[in-house]
Amino acid sequence: MQPPVPAALQAAPAPVVLITRPQPAAERFAGQIADLGLTTVLAPLMRIVPVAHDPAVITAAQGVVLTSENAVPAAGPGRGRPAICVGPRTGTAARAAGFAVTEGPGDAARLMPMLT
């Protein structure tokens, strides 16, 4: 009979990562860290839902400022219109929708100088 392994030498449980992003982003992030041996818990605190708006106003706009990839579907067809995008993920979505993209640095604070 072997003596019990001291608690200090037992393997510690994997750290738990609580992911509170909206569901699609939470799943994407969990996939990105899957190889790290962490336990992930998906607990979205919000979900992205479109709000009522007049799509004709946005479709008629000469250009748009997009602060999230989630805004792209509400921006109407790109048709080559300019889109200033907060960062790379939003820029990729806007390009796919047909916008002529100017990509920002990834956050609203650093995007502001581009808008002035």
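Biologist: Buried means under 20% relative accessible area, exposed over 50%, and partly exposed in between (1.4 Å probe, protein chains only). Which exposed residues sit on the face of helix 3 turned away from its buried side?

Modeller: T92 and A96. Keep in mind that this is a predicted model: local features need pLDDT of at least 70, side-chain atom pairs count only at pLDDT 80 or more, and totals for chains, interfaces and linings use all residues. Residues are numbered from 1 along each chain as its sequence is written, and side-chain values use heavy atoms, with hydrogens and water left out.

Biologist: How are helices and strands picked?

Modeller: They are DSSP runs, numbered from the N terminus: helices are H or I, at least four residues, and strands are E, at least two.

Biologist: Which residues of helix 3 are buried?

Modeller: Helix 3 covers residues 88–96, and T90, G91 and A94 are its buried ones. They line one face, because they fall within an arc of 100 degrees seen down the axis. The arc is taken from the directions from the helix axis to the C-beta atoms.

Biologist: What covers them?

Modeller: The cover includes strand 3 (64–66), strand 4 (82–85) and strand 5 (100–103).

Biologist: And just after helix 3, which residue takes a positive phi?

Modeller: G98, at about 95 degrees.

Biologist: Switching to helix 1. Which residues are buried there?

Modeller: A25, A26 and A30, in a helix that runs over residues 23–32. They are on the same side of helix 1, because they cover an arc of only 135 degrees around the axis.

Biologist: What do they pack against?

Modeller: Strand 1 (16–19) and strand 2 (39–42).

Biologist: Which exposed residues are on the face turned away?

Modeller: P24 and Q32.

Biologist: Now the whole protein. How many helices and strands?

Modeller: It has 4 helices and 5 strands. From the N terminus on, the order is β-α-β-α-β-β-α-β-α.

Biologist: Is it a compact globule or more spread out?

Modeller: More spread out, because its radius of gyration is 21 Å, well over the 13 Å that the globule rule gives for 116 residues. That radius is taken over C-alpha atoms, and the rule is 2.2 Å times the number of residues to the power 0.38.

Biologist: What does the C-alpha trace span?

Modeller: About 80 × 30 × 25 Å along the principal axes.

Biologist: What share of the residues is buried?

Modeller: Buried residues make up 19% of the 116.

Biologist: And contacts?

Modeller: Contact means heavy atoms within 4.5 Å. Among contacts between residues at least 6 apart in sequence, 21% join residues at least 24 apart.
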